[in-house]
Amino acid sequence: MSTSFPALGVPRVRHFLLIPIVLAATTAHADPPRVLKCRAYVNEAGALVRDGTIVIENDRIVSVSGDAPEGATVESYEQGVACPGLIDLDSQLTAAGQLSEAASAIEAQAFAADAFNAFAPRIQEALRAGVTTCVLAADDRMLIGGRSAVYATSGPNGGPVLRGPGPLKLSLSPVALRESYEPSSRAGAIALLRRTVEQARAKQDDPSPLAEFARGELPGFAAAPFEADVLSLAEWADREKLKLVAFHNADAARIAEASEPLMAVVVGPLGPNTNPRFARSAGLLEKAGRKVAIAGTLPFAPADSLRIGAAVAARHGLSAEAARRAITSVPAELLGMHAAIGSIQPGKIADLVIFSGDPIDLRSRVLAVFVGGTCVYRAPEDDEPGDSE
Amino acid sequence: MLRHTHAAPRRARPGLPALAPLLGLLLTQFAWAQGRANVMEKVTLVTADGREIPRSTVVWTGGKITAVGPKASGGFLSRKIDAAGKYVTPGLIDVWAMNPLAQIPAGGLASGRAADLIDLYAHADRELAWRHGIIAAYVPAAAASGAAGQGAIVRFATPDDEESSILSDSAALCFVIGARDENPLVRVQQLQAMRTAFREARDWQHAREDYEDDLKEYEKKLAEAAKSQPQSQPASSNVQSRESTRPGRRGGSRNPGDDKPAPARQGQAQARGKQEGPKKPVEPPRDPNKAALVRALDGEQRVRVWVERPEDILNVLRIADEFGLAVVLEGASGAHLVADAIKAANAAVVLHASARDMQFDAGSRRFDRLDNATKLENAGVRVFLASGPTAGSDLALAASRWVGLGMNARTAWRRITGEAAEFLGISKKIGQLEQGDSADFVVWSAHPFSPGARVERVYVAGKEVFNAESAQERK
């Protein structure tokens, strides 16, 4: 068919010339590998390992130690320590208004992504503190708050972007109790929770988040302010074979052993004013063999709340490696996203923070932040760093 | 060869070999009476001015440090205490720690004392401080607003310590201006009340000084009258004109220009003035609150103001300038915006360790910034870090965060140890780790700023008052 394309007014034979030009153009936009050379990096066990040469291609980490490929641009951070991007499991930063229904205690179908505000203020501040992933969920005022949403603090347009759905949000907090309708008592709340989950499990092949949770496929993040709440959740998880994570920010000395059926216990926010009896919970949980994560609860805490929490926990018994894991790889595991984020390993998304020293040493500062392989923040050069030993 | 013979009979002078055990016993008694020396060897010292000195030894006897440094040694009778590899530092000093009990109701009670409300037997507070390595703190008198009272300096020793645990019960005059998210009108009224309080105190001071002068004159006149006449008139009240301008009467009008009672009195006084005999001057009523303010006016006492907003800070500095007060700004989250004015006023700033959260805030602390301290330091203002409204902060952790935000590490360390003690005026007693000082020090597992550093032991006046391991077991 040798008709010319009327719109272009060009004989058809010349269009074939466009194809290699277009192909060449698209391949020219593929990023050349980028190499970050650091003094050290945090490995998947949370330990500091010397001499990181992190090779990034597109948005993935290709290799961590070893030689840089030829022809790659090398960024050298002589004092830099590479850390996986920090993950906050409990954040309302991108919330568009309130995420809790006042009129009902159970909104199993709600999805926090529907209340996501990509233009929320202060995301940049969190990003500059090294937070690359956050979880948006309903607050503690709903017995079943619906599905949470996981988002990256920087996306292609520069603002935060949704990465995917997250765990189910539950709450045993007293603020979830209602005055004039169910549940108005703790026993009522637990009974209602059990009943609702039982009903969801009874429906076979129900794809809803509640049914997935009931079948033990989807984790549930449950607010558990009191020790009794943690024990109730542990007992429930054990009996019904559920995946539960308790958010408990008080003394854990007496529940460390009993919380074994839970996936993990999340503490936080912790700060310099935290009661030492609460601050030692993370260390006690680690000694009992439990997985510990530390939440930042941004924006209800300073932007570097995750690091402060890790530092406080480390001063009260949590090992340094567990402290680094508590804000990176353990949150990624609990979200079910540890294949993609949470540690610096080949094949994972290049969410990285370069610190001027140990990430849990508050004397270190952020030198650069990478999300998906793109450098989204670089600290200004004229900042005089404090002496970090 | 001369034979040395004793002049005295032998039995009165026993030979030296017989004396030796007696002497030895006396010496040992003497040594025990002095107290056995205690030694910690192979520790890394972090001195009050921030130097790290490895492989050092600390020796103390009783409550005082007798030797410290790489060359120190204890002597063969000393008790060795194992601390090898640990870090030894002077105890940390908290220059602003609010005691929840030291709340005096608002109402201008400048003479109220925080020291009266401190419970020296509250073990929980002391243990919390020791857990963070803090051995002394300045506790302000608190109020909702206005003149709050006299701050106190507490040393966290055991209550049965022979050294008093309250080092000072009138360390500073405390004010609170606009720290509770008040609206602008209320804050204007607070500032006006502060100004009026100082003005009235100054007037009262002048009135008392005049009274003293008048009293001397009166006594002189009495003496003269007694010499010249055997009988002297009974003294009656009122010396004339100056009485009318004394506004410092208790219950008197706040407005110094108001002198309604005076003309009538003046008339009477003039009428009576025609009488013979000196008149005894009327003493302006004593007023402990005004006396407290006068001490600040005379420069004998510092004024500490808890103020947050930049505009309030500027107004407080103006009041300080007007009355010649030495002022310290506490809280001061907005200070970075007015750093130059603070520097010009030569005021010090005390920031607290609780970091502000990320939300937009309409309250008094909305101008807080993470680099507040660094900006102030760069402008030449002296900044201290303290616990603030929540007592018992982990000061070392908060200071290490300051270092991460740009402050020099040694400066940050000095501000919670040696310089803090100087600032509170207690450095002669505690706060340094030098020979002759009180043996107050803390044993850490690592450099206090490093991650995972923990307080292991705290010594006050040479006695171990806190041990992290046994505290853990007790719980």
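Predicted model: local features only at pLDDT ≥ 70, side-chain atom pairs only at ≥ 80, totals over all residues.
A cavity is a set of points, on a 1 Å grid over the protein atoms alone, where a 1.4 Å probe fits but cannot get out, and lining residues have an atom within 4 Å of a point. Strand 5 (86-91), strand 6 (131-136) and strand 8 (161-171) of chain A each give two or more residues to this lining; strands (E, at least two residues) and helices (H or I, at least four) are DSSP runs numbered from the N terminus. The volume of the largest cavity is about 80 Å³, taken as the space filled by probe spheres set on the points. The structure holds four cavities of 30 Å³ or more.

Residues are numbered from 1 along each chain as its sequence is written, and chains are lettered from A in the order in which they are written. Local features need pLDDT of at least 70, side-chain atom pairs count only at pLDDT 80 or more, totals for chains, interfaces and linings use all residues, and side-chain values use heavy atoms, without hydrogens and water.

Chain A gives 34 residues and chain B 37 residues to the contact between them, where contact means heavy atoms within 4.5 Å. About 2,900 Å² is buried between the two chains, 57% of it on carbon and sulfur atoms; buried area is the accessible area (1.4 Å probe) that two parts lose on being put together, summed over both. On the chain A side, Pro272(A), Arg315(A) and Arg363(A) lose the most area to chain B, together 27% of what that side buries.

Definitions and conventions:
1 Å grid on protein atoms, 1.4 Å probe; cavity = no way out; pocket = protein on both sides within 12 Å on 5 of 7 lines; lining within 4 Å.
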